[in-house]
Every structure is written in structure tokens, then in C-alpha cells.
Amino acid sequence: MLHRVQQTVHYLGAAGADDRHATETARILRGLGADHEVIVAGLLHDRAKPAATRLWHRVAGVLLARFAPRVRARLARGGSTFARYLDHARRGAELARADGASDRVVGLIARHHDIPVDDDERLLARADREALP
Ligand SMILES: [Fe+2]
Ligand SMILES: [Fe+2]
């Protein structure tokens with residue numbers, strides 16, 4: 001299975017700024033018994049997250065999502081590091097779609113900062129949380 005994942009990642013041209021987080025998320029998902037597509041989503045979920053993302057970007061993103069979602073949506077449209085951070089789930093999903101990922105993988109990436117609505121999303125959210133630096 002690992003070989004298959006590596007092949008897929010090679011095909012998708014993955015990697016990205018936060019390679020350790022990506023591989024750790026995938027490792028945890030494997031340990032939790034996730035299937036191939038969920039593991040691929042784990043490897044790719046933060047691919048569009050800017051390398052220069054800072055802690056305050058994450059904190060502000062959570063606060064805006066909770067208290068000012070429309071302001072958050074407006075701020076996510078620009079080209080700044082903060083905008084690209086706020087929009088990284090959607091942009092990462094688009095990259096994955098362009099690279100030929102399945103709808104399931106694309107959807108998991110797109111929603112990985114939303115409240116999980118099914119077992120796949122709960123698995124990815126848990127692995128993402130446990131793989132935090
Ligand atoms: Fe993320
Ligand atoms: Fe993540």
C-alpha cells in the first residue's frame with residue numbers, strides 16, 4: 001500500500017512547503033486503517049498552504065471563521081500570505097483536481113478545515129491534528 005501511495009504522490013507531483021506534516025499525517029492515517037484515497041488526501045491536504053504561514057495566520061483564521069465568516073471570505077481572495085493561507089484548502093483541492101485526483105480526494109482536501117461530516121473527514125481531521133508540529 002505504501003508503494004501505491006508513493007506512486008500516486010509521485011504522479012501528483014506532491015511535496016510542498018510542509019513535507020514533514022504531510023508525511024506524518026499520512027503515516028497516522030495508515031496507522032488508523034485509512035484507505036488509499038484518504039491517505040493520499042492526507043499527503044496533499046496542505047499542499048497550497050504558504051511556506052511563510054505563521055501562527056497568527058492560523059489563530060486569526062480560526063477566529064474569523066468563528067466570528068466573521070464573511071470577512072474571512074473577503075480576506076481569502078487576495079494574493080498575500082494570509083489570503084493564501086485562508087484559502088489553502090480550496091486552492092489545494094483545485095491543484096489536486098487539476099492533477100487528476102478523485103472527487104473523494106478533492107472533496108477531503110477542500111473541506112479539511114470545516115467541521116467533519118463523515119468518517120473520512122473525521123479520520124483526516126484527527127490525523128491532521130495529531131501531526132501538528
Ligand atoms: Fe490545512
Ligand atoms: Fe494540516
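Buried here means under 20% relative accessible area, exposed means over 50%, and partly exposed is in between, with a 1.4 Å probe and protein chains only. I start there because Trp56, at a relative accessible area of 52%, counts as exposed under that definition.

Some bookkeeping. This is a predicted model, where local features need pLDDT of at least 70 and side-chain atom pairs count only at pLDDT 80 or more, while totals for chains, interfaces and linings use all residues. Residues are numbered from 1 along each chain as its sequence is written, chains are lettered from A and ligands numbered from 1 in the order in which they are written, and side-chain values use heavy atoms, with hydrogens and water left out.

Now the overall picture. The protein has nine helices and zero strands; helices (H or I, at least four residues) and strands (E, at least two) are DSSP runs numbered from the N terminus. Of its 133 residues, 41% count as buried. Taking contact as heavy atoms within 4.5 Å, residues 24 or more positions apart account for 64% of the contacts with a separation of 6 or more.

Back to Trp56. What does its ring pair with? The partner is Phe82: the ring centres are 5.2 Å apart and the planes are at 40°, so the pair is tilted. The rule takes rings of Phe, Tyr and Trp (its six-membered ring) with centres within 6.5 Å; planes under 30 degrees apart are stacked, over 60 edge-to-face, and the rest tilted. The count by this rule is one aromatic pair. Trp56 sits in helix H4 (residues 55–67) and Phe82 in helix H6 (residues 81–86), 26 residues apart. Phe82 is buried, at 14%.

Next, helix H2, residues 19–31. Its 13 residues reach 18 Å from first C-alpha to last, close to the 18 Å expected at 1.5 Å a residue; the expected span is 1.5 Å times one less than the number of residues. Its buried residues include His21, Glu24 and Thr25, and the buried set packs against helix H3 (36–44) and helix H9 (119–130). After H2 comes Gly33, with a positive phi near 85°.

H3 is mostly covered, with eight of its nine residues buried. At its start, a side-chain oxygen of Asp35 reaches to within 3.1 Å of the backbone nitrogen of Glu37.

In H9, the residue to look at is Asp128. A salt bridge is a side-chain nitrogen of Lys or Arg within 4 Å of a carboxyl oxygen of Asp or Glu. Asp128 does make a polar contact with the side chain of His21, at 2.8 Å. A polar contact is a pair of N or O atoms within 3.5 Å; within protein, one must be able to donate a hydrogen and the other to accept it, and residues adjacent in sequence count only if both atoms are side-chain atoms.

Last, the salt bridges, 14 in the whole structure. Arg27 and Glu24 meet at 2.8 Å, N to O; being three residues apart in H2, they are separated by about one helical turn. Arg27 is partly exposed at 46%, whereas Glu24 is buried at 19%. Arg90 and Asp87 meet at 2.7 Å, with Asp87 buried at 10%.
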